[in-house]
Amino acid sequence: LPSAQGEVCNMINKKYNEFLPSMQSAEELVSQVDGLSSNIDLLRAGIENEVQRDLNVAVAEFTELKQQLERDTLVLSILKKLQEFDTAIKEYNTALLEKKYVAAAQQLEKARSNLKMLESRKGFELKILKALSTELTVQTQNMLYHLGEEWQKLTVWKLPPSKESSSLESVMQSELHLCTVPSKEEEIAGPPVASVLQAFAVLGELHTKLKTFGQLLLKLILKPLISYPSLRPLVEEQSDVVILRFKSEEPNLDHSSPVEVFDKTKLVLEVLHKYLLNVPLEECVEDKKECKVTLSELLGDMIWEELSDCLIRNCLVNSIPTNSSKLEEYVEVIKSTEEFEKALKSMQFLKGDTTDLLKYARNVNSHFANKKCQDVIVAARKLMTSEIHNTVKITPDSSVALPRLPDPGAGDHLKTQKTSKLVHSEVVNLENETKLSQYTFSLPTCRISSSVEKLMELAYQTLLEATASTDQCCIQLFYSVRNIFQLFYDVVPTYHKENLQKLPQLAAIHHNNCMYIAHHLLTLGHQFRYRLTSILCDGTATFVDMVPGFRRLGMECFLAQMRVQKGEILERLSSARNFSNMDDEENYCAANRAIRQVLHQLKRLGKVWQDVLPVNVYCKAMGTLLNTALTEIVTRITALEDISAEDADRLYSLCRTMVEEGPQVFTPLPEEDKNKKYQEEVPVYVQKWMTFKELMIILQANLQEIVDQWADGKGPLAAEFSPAEVKSLIRALFQNTERRAAALAKIK
């Protein structure tokens, strides 16, 4: 145990001896750190108290010096700009006095640039800037005034005295004078035109000047040359001026040919290019590419769109052929258009692209089709709005005046003929000997409006034109013909509505017109089917679908007129006081007057429809109206409860008037001797004719005769009247006796 304690003590001593130097060195380091810390504190206190104060003073001085430098630099730059502005104004004045307009304009722009830079300085406003701006504006206006004076000397317009400058007389007084020789003072500064126009360009006023000049050029020279065929441009060159004026010649045509118009326009532009506009803008544009721009090109950009539009509307449109056979001749117009544009490009009025003018000329086929279609529709509408009552007579032999179309299947026809001959020689002919008349499917004789006949001729001629046209044109013309008939369907009933309602003759003519058109529409498409473009040969080239509509249109109009006439007949008969108490003279006169008015109305209708309606339609129409009158009379008389002997005699007299004079209203033909046939056939067209005659028999018959006419329900009386009607008449005509009772018993 003691030995173990000793070893521990030795180990502790050993560790202590090793630790003691480390502790001593650490204490020394601590003492050194404390010393350094106190030195740092002393140094910091020195910096804060002395160095920081000096540094703050130095920074403040530096900042002040920097701000002073900036102010001085700004003032210096402003003074420099003011100096440049002043120099520019002085040089401008010098150049202006020497009439060096381009240099003067450039100095003004330099002064303007300096002023803008001065005005853009924020926080540094000078009262002098307002004065400088005013001075610059004054000098600019002064410059523009001088340039304007020079421009007026170079280009002088002599205008007509009247404000209305569109008439030929006014146009003839318009002149343009172009100065060609500069004065001696101007010769030093170069060509006056170039100098003036380039100066305008520098000041940004060239566009305004050229636009005004271009509008005057269009209004006073170019457009009149295009619009008036008699005008010719006359160029008179004198020593110091070129005068452009007009002379008038007797025109060959209503419209100038495009070749003539292009030549006249080109002459004017050549004069302008030679003496005025062949000026490059080199001195006013910094970009080298833009230096190639000339005034001709600028003016061309301004006026070409309006000029080309005028050339198209007033020249090329009128030159479009109206006949497909003349389309080949239009190549000359296309060629002259190309040469015209080529000449304008050489003078730099036009750029390299193809313009609307040339595109329009080259697209002649489409324009021909459009113009043809438009002309066809305009002509058709004019015919539709013309008077209906101007008529022509149509007979089964009538046909539209049109050249005979070649048979598309002529070869097949020959083969068929040969085959039929062989068959005929070997086979017995089984054909029925009874043949239809050649007029079976013809339109019956009637009168139609001459305008409708012309309309149908127009349709045939347009389709004939389509057969010789290009596919696209053919299709357009075909559908234009369909549009003609659709237009008729829509326009005529509306445009002539009042007359068709009021005038029976016009209603009849309109009925015939519609039937005439429908008759032709049945075969119109078939006649041209194999002559039109292949696109239309698959069954679309037809007008048959329009036939029912036209038939309905004609019938509805005529039936409406028939209803009006029926209404008038019934209204007149309503004044007959129900045909009662005919023994009263006043009642008899009223009834007789009503009968006479109805007959007069029917005779008047017979005259106005005479030789207008087809005979069968005429007879049906007159028969229907006469039947209306007879039916109304029969209805009124059979409704009477008491008819005296005198009443019966007077009623018979009135009925006899209808029977004797009624057939005389049937006069479908102007020749009186030919109308007798139709007057004898009245029972065919008047349904109640026999009923009316049986009524007359009853009015004059005794009881036994009435019973005999009845014949146990098998006689003629039974065919027209019912038992109740006959009994009612017997009760009204005869007193209540045993004989009447016996007679009534037999009516069953």
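## Aromatic pairs and helix packing

The model holds 10 aromatic pairs, counted where ring centres of Phe, Tyr or Trp (its six-membered ring) lie within 6.5 Å. This is a predicted model, in which local features need pLDDT of at least 70 and side-chain atom pairs pLDDT 80 or more, while totals for chains, interfaces and linings use all residues. Residues are numbered from 1 along each chain as its sequence is written, and side-chain values use heavy atoms, without hydrogens and water.

Select Phe478 and Phe543. Their rings are tilted, 5.3 Å centre to centre with 55° between the planes; planes under 30 degrees apart count as stacked, over 60 as edge-to-face and the rest as tilted. Phe478 lies in helix α15 (residues 471-495) and Phe543 in the loop between α17 (504-528) and α18 (547-573), so the pair ties together parts 65 residues apart in sequence. Helices are DSSP runs (H or I, at least four residues), numbered from the N terminus. Both Phe478 and Phe543 are buried, meaning under 20% relative accessible area with a 1.4 Å probe, protein chains only.

Next, select α8 (residues 258-277) and α10 (residues 331-346). Their axes, lines fitted to C-alpha atoms over the stretch in contact, come within 9 Å and cross at roughly 10°. That makes α8 roughly parallel to α10 (angles under 35 degrees, on a range from 0 to 180 between N-to-C directions).

Notes. Helix = DSSP H or I, 4+ residues; strand = E, 2+ residues; numbered from the N terminus. Parallel < 35°, antiparallel > 145°, perpendicular 65-115°, else oblique. Buried < 20%, exposed > 50% of the residue type's maximum accessible area, 1.4 Å probe, protein only.
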